[in-house]
Amino acid sequence: MNNYNNRVSYSPQNRNYIPTSSGVYIITDTWGNVKYVGQANDLRRRYEEHLSYQEPNIELRNFLRNNYAFFQYEVIYYQGDRNSEELRIYRMYRPPFNHMQPPAA
């Protein structure tokens, strides 16, 4: 089970603390409440995409712009493992900014 100990406060200047590796990530509020779970082939790029004006998830975009949030991640290289982990985290927390359940592994 992953612990998501890699934690970075969500701001543009912290982008270089995020690896360009693939993995699963969660976005939490100050109190550790999981607001969103996702996966990416490039965690750093996805970190930046969530901060951009092109982020299609309006609730998530507004949350990141108006609240103190954290990006917590685990590097996971194998796609099947990422799918399983993302679904596990989704089922555990039912994050409010995920509009759909991730596909089954």
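## Basis of the description

Helices (H or I, at least four residues) and strands (E, at least two) are DSSP runs, numbered from the N terminus. By this definition, His50 is found in helix 1. The model under discussion is a predicted one.

The chain contains an open sheet built from 4 strands in the order 1-4-2-3, with antiparallel pairing. Strand 1 (6-9) and strand 3 are the edge strands, and each of them pairs on one side only. On average, neighbouring strands of this sheet are turned by 25° against each other, direction ignored.

Strand 2 and strand 3 run antiparallel and are joined by 6 bridges. Val24 has Gln39, in strand 3, as its bridge partner.

## Helices on the sheet

Helix 2 packs on the sheet, where it touches strand 2, strand 3 and strand 4. The direction of helix 2 makes about 60° with that of strand 2. Helix 3 (residues 79-93) lies across strand 2 and strand 3, and runs at about 170° to strand 3.

Which residues of helix 2 are buried? They are Leu60, Arg61, Phe63 and Leu64. These residues cover an arc of only 165° around the axis, and therefore lie on the same side of helix 2. The buried residues of helix 2 pack against strand 2, strand 3, helix 1 and strand 4.

## Helix 1

The buried residues of helix 1 are Leu43, Arg44, Arg46, Tyr47, His50 and Leu51. Seen down the axis of helix 1, they fall within an arc of 165°, so they line one face of the helix. Their cover includes strand 1, strand 2, strand 3, helix 2 and strand 4.

At the N-terminal end, helix 1 is capped by Asp42: a side-chain oxygen lies 3.1 Å from the backbone nitrogen of Arg44. Arg44 itself is found in helix 1. Not counting residues up to four places away in sequence, Arg44 touches Arg15, Asn16, Ile18, Pro19 and Thr20. Arg44 and Gly23 are 21 residues apart along the chain, and their C-alpha atoms are separated by 10 Å.

Is His50 buried or exposed? Its relative accessible area is 0%, and because buried means under 20%, His50 counts as buried. Leaving aside residues up to four places away in sequence, His50 touches Tyr10, Tyr25, Ile27, Tyr36, Glu55, Leu60 and Leu64.

## Nonpolar cores

The largest nonpolar core has 17 residues, of which Tyr10, Tyr25, Ile27, Leu64 and Phe71 touch the most other members. Two or more residues of this core come from each of strand 2 (23-29), strand 3 (34-40), helix 1 (43-51), helix 2 (58-66) and strand 4 (69-75). Another core, of 8 residues, lies apart from it; among its members are Ile26, Val37, Ile76 and Ile89.

Ile27 illustrates the contacts made by a member of the largest core. Not counting residues up to four places away in sequence, Ile27 touches Tyr10, Asn33, Val34, Lys35, Tyr36, His50, Leu60, Phe63, Leu64, Ala69, Phe70 and Phe71. Among these contacts are Leu60, Phe63 and Leu64, which are buried residues of helix 2, and His50, which is a buried residue of helix 1.

How values were computed. Residues numbered from 1 in each chain as written. Predicted model: local features only at pLDDT ≥ 70, side-chain atom pairs only at ≥ 80, totals over all residues. Heavy atoms only, no water. Core = buried A, V, L, I, M, F, W, Y, C linked by side-chain atoms within 4.5 Å. Buried < 20%, exposed > 50% of the residue type's maximum accessible area, 1.4 Å probe, protein only. Contact = heavy atoms within 4.5 Å. Pairing = 2+ DSSP bridges. Axes fitted to C-alpha atoms, helices over the stretch in contact; angles between N-to-C directions. Arc of directions from axis to C-beta. Polar contact = N/O pair within 3.5 Å; in protein donor to acceptor, adjacent residues only side chain to side chain.
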